[in-house]
Amino acid sequence: MRNIFLCRYYSNMKRRSVILALCTIPLLLGIYAYVAYLLPFSLPDLPLSTVFLDRHGEEIGEKLYSGSVRHRPLEYSEIPPFYARALIALEDRSFWTNNGISFRGIARSIVRNISAGKVVEGASTLSSGLIRNALWIHKKRDFRTKMVEFLYAFRINHILSKESILTEYVNRISYGYMNIGLESAARFYFGKSAMNLTEAEQLALLILPKDPETYDPYIEKANFQRRFILILDTLHSYGVLRADEYARIRDEKLIWNMSHGSSAPYISDFLTQRVGETKSG
């Protein structure tokens with residue numbers, strides 16, 4: 001009698017499990033389809049600086065957007081390959097294969113945060129970093145915001161190619177001194193375009209988005225140098241740099257641009273008062 005009761009009990013449990021699975025699977029597939037293909041989302045436009053050129057095509061000045069944003073866009077082909085490799089190695093090693101969410105990173109961060117008894121590590125990908133930079137870089141992130149960030153990161157991987165995501169990410173990073181994007185940072189800190197940066201200069205710019213004030217190369221030189229060596233060591237340990245490349249970058253003397261003004265200030269001031277402001281499309 002007892003065996004018959006147990007058989008009926010387990011049979012009912014099995015039946016309930018099958019029914020639950022049949023109800024849950026379509027629901028999960030529906031959520032997946034909605035987030036991946038239907039969730040409304042688009043990246044906001046980026047503000048643009050206005051660059052003044054003389055009759056020979058030489059730059060003589062720049063008007064910041066609203067007086068507080070210095071930004072010049074880059075195409076994917078203009079991102080230095082070393083910068084892209086190093087960025088991905090440091091921030092999102094599964095970038096080319098993940099769907100915007102790194103489940104391994106989430107599991108690792110949960111374990112480390114529990115062990116530390118506080119939040120010491122996130123599980124961000126470049127895709128989620130792009131969402132954060134585009135939507136709420138200056139807002140405090142709570143659990144709800146983080147969940148929305150993950151959903152949009154997943155969604156954007158079904159809208160844009162990986163190349164486009166990387167380009168948008170690089171164009172939206174804050175490098176300090178009102179510089180948004182790699183190209184503006186390259187011109188501000190080194191007086192040259194991103195494509196002409198040396199590997200040491202590219203590595204220097206990788207440091208600044210972490211905390212532009214703490215690692216300010218003009219003021220916090222010791223902090224910057226410690227961080228530079230730490231990142232250099234990390235890239236070497238990840239196999240991004242060979243020993244000879246490591247030594248060459250370490251020994252290169254960085255020459256920071258100290259001239260941030262216009263070469264024709266009167267003309268720039270005159271033009272600044274007469275031009276409007278634009279955003280990218």
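Which backbone oxygen does the side chain of Gln 202 reach? It is the backbone oxygen of Leu 197, at 3.1 Å, which falls under the definition of a polar contact: a pair of N or O atoms within 3.5 Å where, within protein, one must be able to donate a hydrogen and the other to accept it, and where residues adjacent in sequence count only if both atoms are side-chain atoms.

Some ground rules come next. The model is a predicted one, with pLDDT of at least 70 needed for local features and 80 or more for side-chain atom pairs, while totals for chains, interfaces and linings use all residues. Residues are numbered from 1 along each chain as its sequence is written, and side-chain values use heavy atoms, leaving out hydrogens and water.

Overall, the chain has 11 helices and 7 strands; these are DSSP runs numbered from the N terminus (helices are H or I, at least four residues; strands are E, at least two). Of its 281 residues, 41% count as buried, where buried means under 20% relative accessible area, exposed means over 50%, and partly exposed lies in between (1.4 Å probe, protein chains only). Among contacts with a separation of 6 or more, 64% join residues 24 or more positions apart, a contact being heavy atoms within 4.5 Å.

Back to Gln 202, which sits in helix α8. With a relative accessible area of 5%, Gln 202 is buried. Setting aside neighbours within four places in sequence, Gln 202 is in contact with Pro 80, Phe 82, Tyr 83 and Leu 197.

Helix α8 (residues 199–207) also packs on α9, with the axes 10 Å apart and an angle of about 110 degrees. Axes here are lines fitted to C-alpha atoms, for helices over the stretch in contact, and angles run from 0 to 180 degrees between N-to-C directions. The two helices are therefore roughly perpendicular; that label covers 65 to 115 degrees, with under 35 roughly parallel, over 145 roughly antiparallel and the rest oblique. On the α8 side the contact is made by Ala 200, Leu 203, Ala 204 and Ile 207, and on the α9 side by Phe 224, Arg 227, Phe 228, Ile 231, Leu 232 and Leu 235. These residues divide into 9 nonpolar, no polar and 1 charged (Ala, Val, Leu, Ile, Met, Phe, Trp, Tyr, Cys and Pro count as nonpolar, Asp, Glu, Lys and Arg as charged, and the others, Gly among them, as polar).

Helix α9 (residues 221–237) has another partner in α2 (residues 81–91): their axes come within 10 Å and cross at roughly 85 degrees. That makes α2 roughly perpendicular to α9. Phe 82, Ala 86, Ala 89 and Leu 90 of α2 meet Ile 231, Thr 234 and Leu 235 of α9.

Trp 256 lies in the loop between α10 (243–251) and α11 (265–272). At 17% relative accessibility, Trp 256 is buried. Its contacts, neighbours within four places in sequence aside, are Tyr 189, Phe 190, Ala 204, Pro 217, Tyr 218 and Phe 224. Tyr 189 is 67 residues from Trp 256 in sequence, yet 5.7 Å away in space, C-alpha to C-alpha.

Finally, the backbone. Most residues other than glycine have a negative phi. In the loop between β5 (174–176) and β6 (179–180), Tyr 177 has a positive phi near 55 degrees. Met 178, in that β5–β6 loop too, has a positive phi near 70 degrees. Tyr 177 is partly exposed, at 34%, and Met 178 is partly exposed, at 39%.
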